[in-house]
Amino acid sequence: MTFAIETRDLVKKFGNLTAVNHLNLRVRKGEIFALLGPNGAGKTTTVRMIMGLIKPTAGEIFVDGVSVIKYPEIAKKKIGYVPQFFSLYADLTVYENLDFYGRIYGLSREERVKRINELLRIVELSAYKDFLAGNLSGGMKRRLSLAAGLIHDPPILILDEPTAGVDPPLRRAFWKLFTDLKKEGKTILVTTHYMDEAEKADRIGLISRGRLIAEGSPRDIKRMVYGGDVVRIVLRSYDTVYKRMRKLPVLVRILEHKAIDNSREEIVVVVKDFGTSLPEITEFLKTIGAEPLLIEPVPVTLEDAFIALTTRAQ
C-alpha cells in the first residue's frame, strides 16, 4: 500500500549527536498516529524532516508516495503543519494571516474567502477575525495555527504538540476536531506528551533515542510490557493451585503468588488475551478443584507502558 507518511532508514546527525537513528515509520492513510517519546527522543526533528524543513543525513521520506527529498514543493502541498510554537504574524489580524497563507498556496480570492470563513467557524474564531494575532490568548493562537494549517485543505495534517499549555476543555475540543477531520478522510500525525490524548489515537509509535522501539494500537503497546493481558485471580486457599497453574494452556507467565489471609490466596498471571482466555481459565480452575472468588483484568496504563518500554530500551 501507499502510506500517507513513510520514512526509510531515516538518519539525522548534528555533529556527533545522532538525533534520529535509522527510523522506519509508516503512517496509514486515514488514521490518527501519535508519536510519543521522552524529551530529546527525536520527535520534532523527525517532523521537521518530514515537512522538508531540514534535510536528513541519510534515508528517504515519502508523503502520499511523493519523495520529500526529490520533490519537496509537491510534498509540502499535501501537508498541513501546525508547529509546536506560534509562528504566524503577530502584527496581522486573524483574517489577514489566513488570507496570506491562502495566497501562498495559490487559492483564488473566492476560494480564500469561502475557506477562511469556514475555518473561522470550525475553530470558533469568527468573532475575532479582525483582532491582531499577537493580542490573542494562547489557546486562540493554537486555534489560529490549526486554521492556517488547514487553509489549503491538505489530506495530511502534522501537529507538533498541538495542545501544549492548553486548558482541558480546549484540549477536548481540539481532539473532537481531529476525530472529525479523520472521519473526513484526513491523516493526522501528532506528537504529544499527554497519555490520555495518545489513547485516542488509532496507533502509537514510541520513539527513544531516535529509534522506533514500539508500534501498534494503544492496547498493543500496553501488552508489550508483559507480553499479554495481566489477570488477577483470587481463590479459596488451595496449596497446590500455584504449581498446577503452570499447566494452564493460555498462560504466558505467572507474575505473583501470595496469601491474602488464612482462607484466600492471589495469583497474578499473564495470558495472551483476557477476553478469549476467561472461559478457559474458569474451566481449568474447575478441573483442578479450585474455587475462584474473583477473576479480573489488571489495567496497565499507557503511562506504565511508556515508562517501562523507554526504560528497557535505554
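## Crossing hand and helix α3

A helix crossing counts as right-handed if the near helix is turned clockwise from the far one by less than a right angle, and as left-handed if anticlockwise. In this predicted model, the crossing of α3 and α5 is right-handed. Which residues make this contact? Val94, Asn97 and Leu98 come from α3, and they meet Leu144, Ala147 and Ala148 of α5. By class, five of the contact residues are nonpolar, one is polar and none is charged. Helix α5 covers residues 138–150, and its axis comes within 9 Å of the α3 axis. The two axes cross at roughly 25 degrees. Angles under 35 degrees count as roughly parallel, so α3 is roughly parallel to α5.

Helix α3 (residues 94–104) packs against helix α4 (residues 109–122) as well. Here the axes are 10 Å apart and the angle is about 130 degrees. The pair α3 and α4 is therefore oblique. Its crossing is right-handed. On the α3 side, the contact uses Val94, Tyr95, Leu98, Asp99, Gly102 and Arg103. On the α4 side, it uses Arg112, Val113, Ile116, Asn117 and Leu120. These residues of the α3–α4 contact divide into six nonpolar, two polar and three charged.

How do β9 and β10 run relative to each other, parallel or antiparallel? They run antiparallel, and five bridges join them. Strand β9 spans residues 203–208. Leu206 stands opposite Ala214 of β10. Ile207 has Leu212 of β10 as its bridge partner. The hairpin of β9 and β10 has two residues between the strands. In that hairpin, Arg209 takes a positive phi near 50 degrees.

## The four-stranded sheet

A second open sheet has four strands, ordered β12-β13-β11-β14, and its pairing is antiparallel. Its edge strands are β12 (251–259) and β14 (292–297), each pairing on one side only. From one strand to the next, the twist averages 20 degrees.

Strand β13 covers residues 264–271. Seven bridges join β12 to β13, and the two strands run antiparallel. Ala259 stands opposite Glu265 in β13. Helix α10 (residues 274–287) lies across β11, β13 and β14 of this sheet. Helix α10 runs at about 165 degrees to β14.

Which strands does helix α8 lie across? They are β11 (229–236), β12 and β13. Helix α8 runs at about 65 degrees to β12.

The axes of α8 (residues 218–226) and α11 (residues 302–313) come within 9 Å and cross at roughly 55 degrees. Helices α8 and α11 are therefore oblique to each other. The crossing of α8 and α11 is left-handed. Helix α8 supplies Pro218, Ile221, Lys222, Met224 and Val225 to the contact. Helix α11 supplies Leu302, Ala305, Ala308, Leu309 and Arg312. Eight of the residues in the α8–α11 contact are nonpolar, none is polar and two are charged.

## Salt bridges

Side chains of opposite charge can pair when their charged atoms come close. With a cut-off of 4 Å between a side-chain nitrogen of Lys or Arg and a carboxyl oxygen of Asp or Glu, the model has 29 salt bridges. One of them joins Arg26 to Glu6, with the closest N and O atoms 3.4 Å apart. Arg26 sits in strand β2 (residues 17–27), and Glu6 sits in strand β1 (residues 5–14). The two residues are 20 residues apart, and the pair links distant parts of the chain.

Definitions and conventions:
Residues numbered from 1 in each chain as written. Predicted model: local features only at pLDDT ≥ 70, side-chain atom pairs only at ≥ 80, totals over all residues. Heavy atoms only, no water. Axes fitted to C-alpha atoms, helices over the stretch in contact; angles between N-to-C directions. Parallel < 35°, antiparallel > 145°, perpendicular 65-115°, else oblique. Contact = heavy atoms within 4.5 Å. Nonpolar A, V, L, I, M, F, W, Y, C, P; charged D, E, K, R; others polar. Pairing = 2+ DSSP bridges.
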